[in-house]
Amino acid sequence: MVKSLETSQPELLKPGVKAPVQETLLTPRFYTTDFEAAAQLDISSQEAELLAIVEELRADYNRHHFVRDEEFQQCWDHIDGETRVAFIDFLERSCTSEFSGFLLFKELSRRLKNRNPILADAFNFMARDEARHAGFLNKSMADFNLSLDLSYLTKNRTYTFFPPEWIIYTVYLSEKIGYWRYILVYRHMEKHPEHQIYPLFRKFESWCQDENRHGDFFKALLRSQPQLWNNWRARLWVRFFLLSVFATHTLTVFERATFYQSIGIDPREYNTRVIQETNNTAARAFPLILNTNHPEFFRRLEKCSDLNLKLAEINNSDAYGGKLRSPIFKFCQKLPLIASIVGHLLQTYLIKPVDAESLRGTVH
Ligand SMILES: [Fe+2]
Ligand SMILES: [Fe+2]
């Protein structure tokens, strides 16, 4: 049995509008970038591939997919207690991360419009998809009498600056991990319809094809920039981004174990499968992938998750022996745990990776 974070009732900004979760290292981020550098990207070596993807995006296969059919028209009060809180949390995180994609893609398409029309078109179509995804999730939240104020989020969230190279690495990975996260939940629901607590999951099969297409676009963009994969520095960055995304995924899945258990998914198996599949997929874009079969790989990531849950316990525990804990006392308690997480991540980073360039052609 996996121990997850305790969940409390959602805080409200105003009636029916949920206060966004506190920003931490693990909450979905909002990004901004160097738009001038993005406009100057030379994509000529992958132009044919990128144009083909733009045409696929233009075709808009999911135009009629995001419809709230009659299955949604009912009362959801029977989803209650911890399951309800965990599900709302899942909807909120998913909505925030979809909306973050929308904002970045929309801004990129606006700024690149007259400079790099192929990229501008692609970003415009991808922004369209992410807006649909975020909107659909927000309407699902409304079924639970809550919603996110997306314009409030736009104005009040912190934007993290990433240069275009980092955006390409991280968004590629987040689209591909998004694909695997959605499709694995969908396949689980197909096999176990008794866990279909809400019709949203039925939408995931076509939905995840949007994420797959977005990922393919970023793959072509990445391959059009040889400096992102053909040298030792790129290899070190790729290892770093793969590990960051996989570690964040592990920590968030185990923090939200209650939600996965409530829909009959074993969080540990799910996390392992999502990471392995995403890692294998990444061999099509990256010069290397991580060795997830190494016996230390998941052991250390899961150890980080245990330590992360202990950190959260310290954060959430105010009273100690009847007295309030001072921030300094809490910090001293947390320091060895943080050091231990960093140590495990470093050891995982140092596991010899798998060369993907030599695998290319055999991976499908
Ligand atoms: Fe999306
Ligand atoms: Fe996407």
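## Terms and basis of the model

A crossing of two helices is called left-handed if the near helix is turned anticlockwise from the far one by less than a right angle, and right-handed if clockwise. By that rule, helix 6 passes helix 8 in a right-handed crossing, where helices (H or I, at least four residues) and strands (E, at least two) are DSSP runs numbered from the N terminus.

The model is predicted, and local features need pLDDT of at least 70, side-chain atom pairs count only at pLDDT 80 or more, and totals for chains, interfaces and linings use all residues. Residues are numbered from 1 along each chain as its sequence is written, while chains are lettered from A and ligands numbered from 1 in the order in which they are written.

The chain is divided into domain 1 (21–225) and domain 2 (229–364), with bounds that come from an automatic or database domain assignment. The centres of the two domains, taken over C-alpha atoms, are separated by 22 Å. Their contact takes 24 residues from domain 1 and 26 residues from domain 2, two residues being in contact if their C-beta atoms, placed from the backbone, lie within 7 Å.

On the side of domain 1 that touches domain 2, the elements that give two or more residues are helix 3, helix 6 (164–191) and helix 7 (204–223), and helix 6 gives the most, with eleven residues. The residues of this side divide into twelve nonpolar, six polar and six charged, where Ala, Val, Leu, Ile, Met, Phe, Trp, Tyr, Cys and Pro count as nonpolar, Asp, Glu, Lys and Arg as charged, and the others, Gly among them, as polar.

## Helix 6 against helix 8

The axes of helix 6 and helix 8 (residues 232–255) come within 10 Å and cross at roughly 40°, which makes helix 6 oblique to helix 8. Axes are lines fitted to C-alpha atoms, for helices over the stretch in contact, and angles run from 0 to 180 degrees between N-to-C directions; angles under 35 degrees count as roughly parallel, over 145 as roughly antiparallel, 65 to 115 as roughly perpendicular and the rest as oblique.

In this pair, Y169, T170, L173, S174 and I177 of helix 6 meet W237, V238, F241, L242, V245 and H249 of helix 8. The residues of the contact comprise eight nonpolar, three polar and no charged.

## Helix 2 against helix 7

Helix 2 (residues 47–59) and helix 7 have axes that come within 9 Å and cross at roughly 160°, and the two helices are therefore roughly antiparallel to each other. Helix 2 passes helix 7 in a left-handed crossing.

The residues E49, L50, I53, E56 and L57 of helix 2 meet R213, D216, F217, A220 and L221 of helix 7, a contact that divides into six nonpolar, no polar and four charged residues.

## Individual residues

F87 lies in helix 3 (residues 81–112) and is buried, with 24 other C-beta atoms within 10 Å; the term buried requires 20 or more such atoms, exposed means 12 or fewer, and partly exposed lies in between. Leaving aside neighbours within four places in sequence, F87 is in contact with I79 and F259.

Most residues other than glycine have a negative phi. D60, in the loop between helix 2 and helix 3, has a positive phi of about 55° although it is not a glycine, and D60 is partly exposed, with 14 other C-beta atoms within 10 Å. N145, in the loop between helix 4 (117–142) and strand 4 (147–148), has a positive phi of about 65° and is likewise not a glycine; with 13 C-beta neighbours inside 10 Å, N145 counts as partly exposed.
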